[in-house]
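Student: Please take one part of this model and look at it closely. I would like a single connected account.

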Amino acid sequence: MVDLKNIRNFAIVAHIDHGKSTLADRILELTGAVPKKRMREQMLDTMELERERGITIKAVAVRIPYRGKDGVDYQLNLIDTPGHVDFSYEVSRALAACEGALLLVDASQGPQAQTLANLYLALEQDLAIIPVLNKIDLPAARVDEIKSEVINLIGGSEDEITLVSAKDGRGVLDVVDRIIDEVPPPGGDADAPFRALIFDSHFDTYKGVVVYLRVVDGSIKRGDHIEMMANGNRFEVNEVGIFTPWQVKVDSLSAGEVGYLSATIREIGDAQVGDTIILAGKRDEVEKLPGYREPKQMVFASFYPVEPDDYPRISTALEKLHLNDSSFSYQQESSAALGFGYRLGFLGVLHMEIVQERLEREYELELVITVPTVRYELEYTDGHVEYVESPADFPDRTRLADIREPICDVTIVTPKEYIGSVMELAHKRRAVDKGMQYIGTERVTMQYRIPLSELIIDFNDMLKGGTRGYGSLDYEFVGYESTKLVKVDILVNSEPVDALTFLSDSESAQRKGRTMVVRLRSTIPRHLFDIPIQAAVGGRIVARETIKALRKDVTAKCYGGDITRKRKLLEQQKKGKQKMKQVGSVSIPQEAFLAALKIREED
């Protein structure tokens, strides 16, 4: 058993692409935790998507044995956390398993929005913060300027900032020595009843659910019976171990240590992030660790197979994927236009993209995905409250006393020359200004309160375009507020297409309806009859476009004779088109549904 005073648990807090995974690589290499012949780039990023996108999606833990300058052998536990806003809850639970955090900032870009958000999470946990400036080897590095920006954020002096290059290893061991000196050892009592925090988990085909845990008190070993405090389920422990970063069995894990356990857990929902594990039957003796909450889906979209025969395959794929990621939800639904599919709920738009890509790559599915929406809170005239995610399920407005939409506090960090562009974008998205402050002399932090529905489709893309890629965004859900929403129905050939229905604020409903029908006119192919495309709000048509019929030249065979012969053929064609319009079905391609994702005006 390791002495508690020789353990250090820490995380790395950074914005996407500031070098967090590269710094972790150098720490593993220079401390000798991983032999050079087994090293590779992004060592802790195991998913193909993580390596391609250069982002961390799943939290990873690794134990690093290290002999300090004082000759003492220390146990360093690095918990590599996701940096994206969609996974902020997972980040907060991973930070709860630590006593310190490295605040990693790119020397060419400076603190970004997610740097600030994750820094605040670390400060809420009362962690020791060690500021580190990375990428000092780049020609574009602005070391002195970025140093002053970091000091404006966290206080202290510039001498407290360690300069490193994670690429070539400069300054990395100095950071490790600072971790030993400045991060406090974990608290806890090795003799108290067992208590541990779950900060992540994954599903293993052979072991079942593998739980990542930080032991707070007591110890755990194979054969012990454990209980989950959130749901009361009990299991027998089959294996305990540590990450080196590979899984290695150990006899036991004790207070202060980080590792994993596998038990007779078959559903990943039974080992949810933030839950407290205790020994079975000890509930009355142990206090639950703070901070646990259920995963909260914020963005919803419908997934349909392009080929209706693939419906059983998408069902199987979702079941398997849900074993590894219980934070998304899914339920069956059907559409008159698209057939049978599923309605999925996600933590955010990035989370949706990840699930979509995994379904398409790992399970070779071709999918049609509807416009992402959010969950609305509806208060009916009789007083009861319901939540609705799909616009097609939106009831008649006369039955509702109030409609409330999710609202977010948004933090935008941008160079000062783009303040005007950001303010213009925010104004278009119904934002309420909450203030602005400078970070150093060249960059500003802008605070807004914006409806989530205005953020989820293309807000970040528009922000990047308006700031030439220098702007960054972070948001936090704060609650529901009353709004004036209407349902915009899209009718193709006088038939409503439920998969194209969307919700809009009443002021811009007509504009968005007009944009939608114009886009659909250019994506739906021409048929042998005229196809009217209409946008309707509350039964009133607010926009219309017509796809003209393909014309077959039925008079081509008339090479002479009286004009009445041609007129007779044209009249027959006209009658045929009328009949075809009554019984004909319109083929709507996948591009039409993709066009629905771009209903914002270009300006």
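Tutor: Strand 8 and strand 14 (residues 258-263) run antiparallel, joined by five bridges. Strands here are DSSP runs (E, at least two residues), numbered from the N terminus. Two strands pair if DSSP finds at least two bridges between them. This is a predicted model: local features need pLDDT of at least 70, side-chain atom pairs count only at pLDDT 80 or more, and totals for chains, interfaces and linings use all residues. Residues are numbered from 1 along each chain as its sequence is written, and side-chain values use heavy atoms, with hydrogens and water left out.

A hairpin of three residues connects strand 7 to strand 8.

Strand 8 itself spans residues 208-217 and is mostly covered. Ten of its ten residues are buried, meaning under 20% relative accessible area with a 1.4 Å probe, protein chains only (exposed is over 50%, partly exposed in between).

The protein chain has 603 residues, and 54% of them count as buried. Its secondary structure comprises 13 helices and 30 strands; helices are DSSP runs of H or I, at least four residues.
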